[in-house]
Amino acid sequence: MENGSKKWGFQANNDLATVSAVTVRGVLNALMANLNKEDDRAVIPLGHGDPSAFPCFRTASISEDAIVDALKSAKYNCYSPTVGILPARRAIADYLNRDLPYQLSPDDVFITLGCTQAIEVSIAVLSRPGANILLPRPGFPYYEALAARFKLEVRHFDLLAERGFEVDLEAVEAQADENTVAMVIINPGNPCGNVYTHEHLKNVAETAKKAGILVIADEVYAHLAFGSNPFVPMGVFGSIVPVLTLGSISKRWIVPGWRLGWLVAADPNGILKKSGVIDSIINYLNISSDPATFIQGAIPQILEKTGKDFFVRIINLLREAADLCYDRIQDIPCITCPTKPKGSMFIMTKLDLSQLEGIKDDFDFCLKLAKEESVIVLPGVCLGTKNWLRLTFAVEPLSLEVGLERIKAFCERHANKL
C-alpha cells in the first residue's frame with residue numbers, strides 16, 4: 001500500500017501470454033521484433049498468408065463495387081441479426097450448394113467474423129468437462145490456442161508427409177475414445193499445401209462415423225487447388241458423418257481484412273440439431289460480435305457475380321508461384337520439400353540442422369534469418385512439427401525470388417564446414 005490507499009485488486013491474466021506465444025501472430029510478431037533496423041532492404045514476408053498487399057493479387061473489381069453499393073444503399077447501417085442477415089445466408093447456402101449432393105438452406109448457415117470466429121464458435125460449443133478433440137499435426141495453431149482457452153483437451157494425429165500429408169487414419173482411431181467430440185481437417189491444407197482426394201475424404205468420414213465424432217472441416221482455402229486433385233468439400237460426405245464446414249471470402253477473394261466468414265451445418269440427417277449443437281451455436285453467437293452489416297449486404301453480389309476469369313488468374317498466379325518456390329528450394333541443401341504444393345498458399349519444408357552451424361532449431365533459424373536477411377518465415381514448432389519451416393508463396397513473384405535467394409545465401413553462410 002502507498003499513502004494509505006488500498007492495494008490494487010487486479011492483475012494480468014498471464015495464461016494469455018502463454019497461449020498467444022504459440023499463435024501465428026505471436027510468433028510473427030517475435031520475428032518482426034528481431035529485424036535489423038539498420039538493414040534498408042525491403043522485408044520479404046514469407047510467413048503470413050496475406051497476398052492482398054501485392055497489386056498482382058488485388059481482389060475482383062466486382063467485389064469492391066459490391067461493398068460500395070451496399071454501403072451507399074443505406075440499408076445496412078443497422079445491427080445484424082445473431083446468425084447474419086438472411087440474403088447473405090441464402091447466398092452462402094446457394095454458393096456451397098454448387099458442390100454438394102443435397103441442398104443447404106439459409107438456416108444451416110451462420111455468418112461469422114472471419115473464419116477465425118467460426119473456429120472459435122465450433123470449439124466453444126463442443127467444449128465440456130473431460131472432452132477432447134483431435135487436431136492435425138502439423139496444423140493451424142489457433143485451434144490449440146482456443147482449445148486451451150476453453151479447457152478442451154487436445155490430442156494429435158499426424159499428417160503423413162510421405163503420402164502427400166494425408167490424415168493418419170489409424171492414429172485417429174487409436175486416439176479417439178468416448179470423450180472425443182470431433183476431429184479437424186484443413187483442406188486445402190494449411191500449412192502443408194495438400195489437397196485431399198474424394199476417396200481419402202470419404203475414408204475420413206467413415207473413420208469419424210466409426211468413432212462417433214463429427215468433422216470440423218476448415219475450408220478457408222476452398223477452391224484454391226492447382227494440382228492434380230480438384231477441391232472436394234467435406235460436406236459431400238455429410239450423410240455419412242455430421243460436418244461443420246468453416247469458410248470465408250478471405251482467401252479465394254484475397255480480402256482477409258474484410259472479416260466475413262461462415263460456419264455451416266453440412267448435416268442432411270439433422271444430427272447436429274438433435275444433439276443441441278445448433279442451439280449452442282446460436283447461443284454463443286448471441287454473446288459475440290458480428291461482421292460489419294454492410295459487408296454482409298455485399299455478399300450476394302460478390303458470390304454470384306464474380307467472374308471465372310478472376311479465379312483463373314488467381315489460380316494461375318498461385319500455381320506459378322508454387323512451382324517457382326518448390327524448384328528454388330531444391331537448390332538449398334539444408335532444406336527439403338517432400339511434395340510440391342497442390343493448393344492453398346503454403347509449402348512445408350524440412351530443415352536439416354546437421355548441415356548448419358550455429359543454428360539450434362527451427363525457431364532459431366527463423367530469428368536469425370529475420371535479423372540477417374530481413375526475410376520472415378514461420379518455424380514449424382508453432383505448427384506442431386519441430387525443425388520444419390512454413391513458407392507462403394502467395395507474394396509478388398519478384399519478392400518471392402528475392403526472398404528465396406536470401407534464404408539460400410543465409411544457409412550458405414551458416415553451412416557446416418566439416
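The exercises below work through the sheets, helix packing and core of a predicted model.

Residues are numbered from 1 along each chain as its sequence is written, and side-chain values use heavy atoms, with hydrogens and water left out. Because the model is predicted, local features need pLDDT of at least 70 and side-chain atom pairs count only at pLDDT 80 or more, whereas totals for chains, interfaces and linings use all residues.

**Exercise 1. Determine the strand order of the eight-stranded sheet, and state which strands form its edges.**

Step 1. Helices (H or I, at least four residues) and strands (E, at least two) are DSSP runs, numbered from the N terminus, and two strands pair if DSSP finds at least two bridges between them.

Step 2. The edge strands are β2 (109–112) and β5 (166–167), each of which pairs on one side only.

Step 3. Strand β2 is joined to β9 by four bridges in the antiparallel sense, with V109 standing opposite V264 of β9. On β2, V109 and I111 point one way while F110 and T112 point the other way, and all are buried; here buried means under 20% relative accessible area, exposed over 50%, and partly exposed in between (1.4 Å probe, protein chains only). In a regular strand the side chains alternate between the two faces of the sheet.

Step 4. Strand β9 (residues 261–266) also pairs with β8 (residues 243–248), again in the antiparallel sense, over six bridges, and A265 in β9 stands opposite L244.

**Exercise 2. Describe the four-stranded sheet and its edges.**

Step 1. This second open sheet has the order β10-β11-β14-β13, with antiparallel pairing.

Step 2. Strands β10 (335–336) and β13 (378–379) stand at the edges with a single partner strand each, so one side of each is left without a neighbour in the sheet.

Step 3. Two bridges join β13 to β14 (residues 388–392), the two strands running antiparallel, and R390 in β14 is the bridge partner of L378.

**Exercise 3. Characterise the largest nonpolar core, and then the surroundings of I335, L134 and Y196.**

Step 1. A nonpolar core is a set of buried Ala, Val, Leu, Ile, Met, Phe, Trp, Tyr and Cys residues joined through side-chain atoms within 4.5 Å. The largest one has 146 residues, of which V167, M183, M234, I281, I335, F365 and I407 touch the most other members. Helix α12 (residues 308–329) supplies the largest share of this core, twelve residues.

Step 2. Setting aside residues up to four places away in sequence, I335 touches I329, T349, K350, L351, F365, L389, I407 and C411.

Step 3. L134 lies in strand β3 and is buried, with a relative accessible area of 1%. Beyond four places in sequence, the residues that L134 touches include F157, V172, M183 and I213. L134 and I335 are 201 residues apart in sequence and 29 Å apart in space, C-alpha to C-alpha.

Step 4. Y196 is found in the loop between β6 and α8 (198–211) and is buried at a relative accessible area of 3%. Its contacts, leaving aside neighbours within four places in sequence, include L159, F165, V167 and P230.

**Exercise 4. Decide whether E38 is buried or exposed, and locate this residue.**

Step 1. E38 is found in the loop between α2 (24–33) and β1 (44–45).

Step 2. E38 has 74% relative accessibility and so counts as exposed.

Step 3. Although E38 and K371 are 333 residues apart in sequence, their C-alpha atoms are 9.9 Å apart in space.

Note on methods
Contact means heavy atoms within 4.5 Å.
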